[in-house]
Amino acid sequence: MGVEQKVLGDRIVTPQSRRSSNRILQNIDWVMILLYGLLVALGWMNIYAAVYSPDNVVNIMSFDINSGKQLVWIGASLVLILILLVVDYKVYEHLAYPIYGGIILLLLVTLVIAKPIAGSRSWLDLGGGIRLQPAELAKFATALAVSRFLASVNLRHQNLKDQMRLAALTLLPPMIIILQNETGSALVFAAFVLAYFREGMSPLILIVGGTAAAIFILTLLVPKLYLIIGITVLMALATWLDYRLLRRFKMLIVLWLAVVGMVFSVDYFVNNVLQPHQQNRIKALINPEADPLGFGWNVTQSKIAIGSGGFWGKGFLEGTQTKFDFVPEQSTDFIFCTIGEEHGWLGSTILIGLFMLLLVRIVYVAERQKSVFGRTYGYCVASIIFFHFLVNVGMTIGLAPVVGIPLPFFSYGGSSLWSFTILLFILIAIDANRNQELVR
């Protein structure tokens with residue numbers, strides 16, 4: 001037929017298919033890949049810095065320390081990346097629900113068979129000292145499922161039944177994770193609301209959620225009477241500025257009663273619902289100096305380490321707070337302390353800048369998608385990474401409770417690295433094929 005063909009196995013390769021493959025390769029977002037590589041490499045070096053001891057120097061690639069073990073996870077991640085980019089991009093949408101169902105089943109199995117570790121049943125022992133945390137994998141599985149669902153409905157006009165289905169898809173994984181006693185990992189799923197807001201969800205949920213969080217924190221900081229007086233004055237001022245609110249006087253009274261009820265219920269919730277270690281996290285956020293050798297130890301030492309770095313930092317492998325193990329979990333949850341101490345304000349700013357560049361790039365890539373599925377998934381990826389970054393850095397400087405959330409691509413841990421790698425490179429694969437959506 002005048003078209004050159006070459007048979008490769010049972011597959012016919014034509015110049016058109018080769019050109020298509022080349023276009024896909026050219027469409028890969030190398031900016032995101034570069035930022036991913038930089039963050040992983042810098043994280044690996046700082047994991048070594050966090051475990052380095054001048055009295056017992058060990059090679060950075062030694063499997064006896066965390067940096068050597070992390071190198072194995074990085075190598076496995078490269079294999080994952082290759083698979084994610086080679087697989088037909090349509091698979092991620094078509095198999096979104098089966099993947100989600102498989103991860104839900106894995107979470108339930110983990111809840112039953114996992115051995116308790118620090119009070120949590122969230123780790124599967126794979127043998128040879130290798131452990132997997134399915135809660136990390138649930139993030140990308142949920143992102144795929146909710147993106148597939150939102151691609152089939154209009155969020156601006158969906159009915160209550162569809163809203164309940166979306167809520168069920170979002171809330172089922174964190175509910176199981178909470179049963180595993182992994183509250184920090186469960187909180188991450190709140191970030192999906194940001195993606196839903198982009199797709200047309202009413203801002204009322206964001207406003208109500210933000211207001212409730214602010215009232216919760218203020219109740220712990222301000223005497224209840226003063227807080228109630230302040231809220232009453234604000235509501236009265238809003239009514240005076242917009243007299244039309246008087247037409248909804250009954251609603252305002254109900255709202256005021258709800259707020260007052262929440263103010264008086266916070267103490268009961270903290271003291272009778274939260275577990276002791278969760279209570280200590282709240283106390284450490286409010287006033288770590290109240291017990292600097294107890295619940296306030298992590299936050300206090302973290303701030304000392306970051307503050308001691310000054311502008312330039314003490315230098316790579318020269319952090320004294322790190323070397324003497326003052327900050328617990330410094331290669332995982334508190335790895336930002338290593339940056340602050342050894343690389344100072346400058347290094348911390350550069351790291352924050354890299355994350356901001358990555359987040360901006362992800363949003364840019366999400367906006368250029370031709371499908372609702374691709375766009376929604378991109379915003380889910382951005383929301384999850386943003387939440388992790390915000391809370392992790394916040395808890396190291398005392399602005400967020402210590403909830404055991406790793407710094408994406410940076411903290412030590414195979415489950416975390418795999419989870420974020422899968423999240424990001426599924427988006428890269430979808431984006432590389434975005435022009436194919438025009439001919440589907």
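View 1. Just after α14, G310 adopts a positive phi of about 60 degrees. Helices here are DSSP runs of H or I with at least four residues, numbered from the N terminus. This is a predicted model, where local features need pLDDT of at least 70, side-chain atom pairs count only at pLDDT 80 or more, and totals for chains, interfaces and linings use all residues. Residues are numbered from 1 along each chain as its sequence is written, and side-chain values use heavy atoms, leaving out hydrogens and water.

**View 2. Helix α14 and its buried residues.** Which residues of α14 are buried? They are V299, T300, Q301, S302, A305 and I306 (buried: under 20% relative accessible area, with a 1.4 Å probe and protein chains only).

**View 3. Helices α5 and α7 pack together.** Here α5 (residues 96-113) and α7 (residues 160-179) pack with axes 9 Å apart, at an angle of about 20 degrees. The two are therefore roughly parallel to each other (angles under 35 degrees). From α5, Y100, I104, L107, L108 and L111 meet A168, L169, L172, P173, I176, I177 and L179 of α7.

**View 4. A look at confidence.** The protein averages a pLDDT of 84, on a confidence scale from 0 to 100 for each residue. Over residues 1-5, pLDDT stays under 50, and the model has seven contacts beyond four places in sequence for them (contact: heavy atoms within 4.5 Å).

Notes
Buried means under 20% relative accessible area, exposed over 50%, partly exposed in between (1.4 Å probe, protein chains only). pLDDT is the predictor's confidence in each residue, from 0 to 100. Axes are lines fitted to C-alpha atoms, for helices over the stretch in contact, and angles run from 0 to 180 degrees between N-to-C directions. Angles under 35 degrees count as roughly parallel, over 145 as roughly antiparallel, 65 to 115 as roughly perpendicular and the rest as oblique.
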